[in-house]
Amino acid sequence: MCDESAVTCVAFTGVLCVFAGASHDAWLATVKLSRTANTLLHTCRSYALADAYGPVAPFNAASLILVACAVIISSTWSENYGARGENPVSLLFAGVQSIRSDGRILMIGMVTAVFEAVLYVFIFIWTPSLQRRAQGTGSETHTPEVATVVPLGLVFAAYMVSKMCGTYLFKHLERATTPEEGLHIVLLTGATALGLCAYVESFLATLVLQCIYECAVGVYWPVVCTYRNKYMSEKLRTTTITLFRVPLNFMVVVGLHDISDFADTHVYLCSAVALVGMMGVSITMTK
């Protein structure tokens with residue numbers, strides 16, 4: 001079970017993800033590559049801090065940085081109130097109507113909810129699955145001592161490199177495919193990588209497959225942003241995206257409730273099946 005501090009961090013992360021999901025997609029697609037590179041750099045620094053001063057050091061450093069950011073933001077940023085004259089209730093109903101009237105918006109919302117739910121589940125499963133494979137055991141519960149075997153900071157940095165590569169590949173992918181085709185490629189790649197993770201027991205092979213999945217995630221963000229900009233009106237985009245956060249968070253809570261009772265191979269397989277299902281939905285609804 002997670003301790004209270006971990007649960008609190010996850011809760012605040014969920015709130016931040018809602019804001020991130022409702023942000024301007026064009027801006028998000030533009031800065032994604034630089035943000036990923038910065039994340040890679042800070043991950044390496046955090047790993048160095050943990051190696052030199054212990055596992056709590058990165059968290060202490062992060063707390064100081066967050067306080068500094070809060071001071072800078074509160075003193076230099078002006079508040080963006082959006083369209084103050086709009087009635088939130090009317091925007092909500094208009095968002096629901098846009099989903100009902102356009103199957104493409106419904107499809108991208110469904111795909112977004114399932115893909116990001118799988119991503120959140122992956123965040124919880126990658127550490128124990130790698131630790132178990134490093135230990136060389138079967139699907140039984142891993143022991144805490146194995147945590148010293150796997151350099152989790154460097155593994156996370158490898159994920160960030162993979163995600164950065166995926167975002168870079170999008171530049172070439174968008175010239176050769178439509179947003180719909182790009183989304184199909186992302187879903188197929190992610191499903192294949194996670195599905196194979198359920199059948200391999202090699203630590204290195206699992207890490208490579210996880211990096212391939214993270215590469216697909218790197219392609220996913222600009223692809224889905226492009227798709228939203230193409231089919232969602234700017235006025236209702238934030239409302240529509242936020243509506244689909246409800247089923248997303250519900251699936252995450254249900255998926256993580258008893259995740260410790262299942263072998264990681266079963267979680268990987270279920271995640272792959274979910275992505276394949278969404279690929280079928282996407283193909284069917286965009287014909």
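**Helix packing and cysteines in close-up**

**View 1. Helix 6 and helix 8 cross in a right-handed sense.** A crossing is right-handed if the near helix is turned clockwise from the far one by less than a right angle, and left-handed if anticlockwise. The model is predicted: local features need pLDDT of at least 70 and side-chain atom pairs count only at pLDDT 80 or more, while totals for chains, interfaces and linings use all residues. Residues are numbered from 1 along each chain as its sequence is written, and side-chain values use heavy atoms, with hydrogens and water left out. Axes are lines fitted to C-alpha atoms, for helices over the stretch in contact, and angles run from 0 to 180 degrees between N-to-C directions. Angles under 35 degrees count as roughly parallel, over 145 as roughly antiparallel, 65 to 115 as roughly perpendicular and the rest as oblique.

**View 2. Residues of helix 6 meet residues of helix 8.** From helix 6 the contact includes Val-155, Tyr-159, Lys-163, Cys-165 and Phe-170. From helix 8 it includes Gln-210, Glu-214, Cys-215, Pro-222 and Thr-226. Contact means heavy atoms within 4.5 Å. By class, this contact has 14 nonpolar, six polar and two charged residues. Ala, Val, Leu, Ile, Met, Phe, Trp, Tyr, Cys and Pro count as nonpolar; Asp, Glu, Lys and Arg count as charged; the others, Gly among them, count as polar.

**View 3. Helix 7 packs against helix 11.** Helix 7 covers residues 179-197, and helix 11 covers residues 264-285. The angle is about 160°, with the axes 8 Å apart. That makes helix 7 roughly antiparallel to helix 11. Their crossing is left-handed. The contact of helix 7 with helix 11 has 13 nonpolar, five polar and no charged residues.

**View 4. Cys-197 is found in helix 7.** Cys-197 is buried, with a relative accessible area of 0%. Buried means under 20% relative accessible area, exposed over 50%, and partly exposed in between (1.4 Å probe, protein chains only). Not counting residues up to four places away in sequence, Cys-197 touches Arg-133, Thr-206, Leu-209, Gln-210 and Tyr-268. Cys-197 and Tyr-268 are 71 residues apart along the chain, yet their C-alpha atoms are separated by 6.4 Å.

**View 5. Cys-165 and Cys-215 are too far apart for a bond.** The sulfur of Cys-165 is 6.2 Å from that of Cys-215, the closest cysteine sulfur. Cys-165 counts as partly exposed, at 39% relative accessibility. Cys-69 is also partly exposed, at 37%. The whole structure has zero disulfides (pairs of cysteine sulfur atoms within 2.5 Å).

**View 6. Ala-61 is found in helix 3, residues 57-76.** At 23% relative accessibility, Ala-61 counts as partly exposed. Ser-46 is 15 residues from Ala-61 in sequence and 8.4 Å from Ala-61 in space, C-alpha to C-alpha.

**View 7. The chain has 11 helices and zero strands.** Helices (H or I, at least four residues) and strands (E, at least two) are DSSP runs, numbered from the N terminus. Of the 287 residues, 38% count as buried. Among contacts between residues at least 6 apart in sequence, 83% join residues at least 24 apart.
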